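Please look over the structure below with its ring pairs and strands in mind. This briefing goes through them by topic.

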Amino acid sequence: QQQQQQAERARAQADREAAVAAKVQAEKKAEIEQRRQAQQAAAPAASGGLPEWQFGNLTRAQADGHFEGKPDGTFLVRDRSEKPGEYILVLMFKGKATHHLIRKGPDGFFRLNNKSYGDFETLAELVERLRSPAPGWPVVLGEGIVNTANRSNGAPPPPPDNSVAEREEELQRKASEREATRRRQLEEKQRQEIEAAAAVERQRAEKAALAAQQQQQQQQQIHQQQHQHQQQQQQQ
């Protein structure tokens with residue numbers, strides 16, 4: 001019974017680990033889908049080279065002028081003229097335009113106000129992430145202000161680059177295979193332990209039975225000797 005309880009606890013632990021692995025895979029899949037959507041969001045601007053909501057050297061005052069009467073969540077991204085490679089997210093929040101620094105961190109991924117919201121190599125990926133609730137970020141991005149200079153000239157957008165998603169899916173597949181192998185090995189180990197415990201129990205029972213048999217034989221021999229001794233006394 002004790003061995004059975006140990007096996008049940010081991011199976012429960014394996015199930016918990018499998019649930020955690022499944023959750024990690026689901027989160028990774030969601031991240032892949034998010035990146036794919038970000039790629040598709042950037043695709044319409046491919047002929048112009050920039051997303052529609054991205055502006056070049058736009059001053060703070062010029063940027064603020066685009067937000068008159070706009071609802072919270074409206075946004076655009078402008079270049080930071082004094083620091084090439086850095087950008088400013090201009091966002092309507094609580095009735096006024098607010099400005100937030102975007103630049104890459106030491107890991108090569110974009111950060112917003114020096115805070116990471118994920119591993120994003122492009123502005124489009126970061127913006128797409130902020131279109132859904134993000135812990136620590138106060139407002140979901142809504143409609144982007146369009147820079148008409150970046151609009152597509154009607155040419156069909158190129159297909160999204162699925163290489164990242166394919167690589168991630170391959171990694172997920174290998175991780176699932178490793179998890180399945182690990183679970184099989186764990187189950188095999190549990191089976192061997194149960195069989196070994198059963199074998200030990202059988203040996204113990206066999207020894208106990210043999211000892212009982214030997215004791216019974218000894219008692220029979222003693223009884224026979226006592227009977228013979230009584231007979232001898234009676235004959236004398």
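Phe110 is buried, with a relative accessible area of 6%, where buried means under 20% relative accessible area, exposed over 50% and partly exposed in between, using a 1.4 Å probe and protein chains only. The model is predicted, so local features need pLDDT of at least 70 and side-chain atom pairs count only at pLDDT 80 or more, while totals for chains, interfaces and linings use all residues. Residues are numbered from 1 along each chain as its sequence is written, and side-chain values use heavy atoms, with hydrogens and water left out.

**Around Phe110**

- The ring of Phe110 pairs with that of Tyr87, and because the centres are 6.1 Å apart and the planes stand at 65°, the pair is edge-to-face; rings of Phe, Tyr and Trp (its six-membered ring) pair if their centres lie within 6.5 Å, with planes under 30 degrees apart counting as stacked, over 60 as edge-to-face and the rest as tilted.
- Tyr87 belongs to strand S3 (residues 87–93) and Phe110 to strand S5 (residues 110–112), so the pair ties together parts that are 23 residues apart in sequence; helices (H or I, at least four residues) and strands (E, at least two) are DSSP runs, numbered from the N terminus.
- Tyr87 is buried as well, with a relative accessible area of 17%.
- The charged end of Lys104 sits over the ring of Phe110, 5.2 Å from its centre, a term that requires NZ of Lys or CZ of Arg within 6 Å of the ring centre and within 35 degrees of the ring normal.

**Aromatic pairs in the whole structure**

- A search of the whole structure finds 3 aromatic pairs, among them the tilted pair of Trp53 and Phe75, with 5.9 Å from centre to centre and 50° between the planes.
- This pair links distant parts of the chain, since Trp53 lies in the loop between helix H1 (2–42) and strand S1 (54–55), whereas Phe75 lies in strand S2 (residues 75–79), 22 residues apart.
- Trp53 counts as buried at 9% relative accessibility, and Phe75 is buried with a relative accessible area of 0%.

**Strand S2 and its partners**

- S2 is mostly covered, with 4 of its 5 residues buried.
- S1 and S2 run parallel and are joined by 2 bridges, where two strands pair if DSSP finds at least two bridges between them; Gln54 has Val77 in S2 as its bridge partner.
- S2 and S3 run antiparallel and are joined by 5 bridges, and Val77 stands opposite Leu89 in S3.
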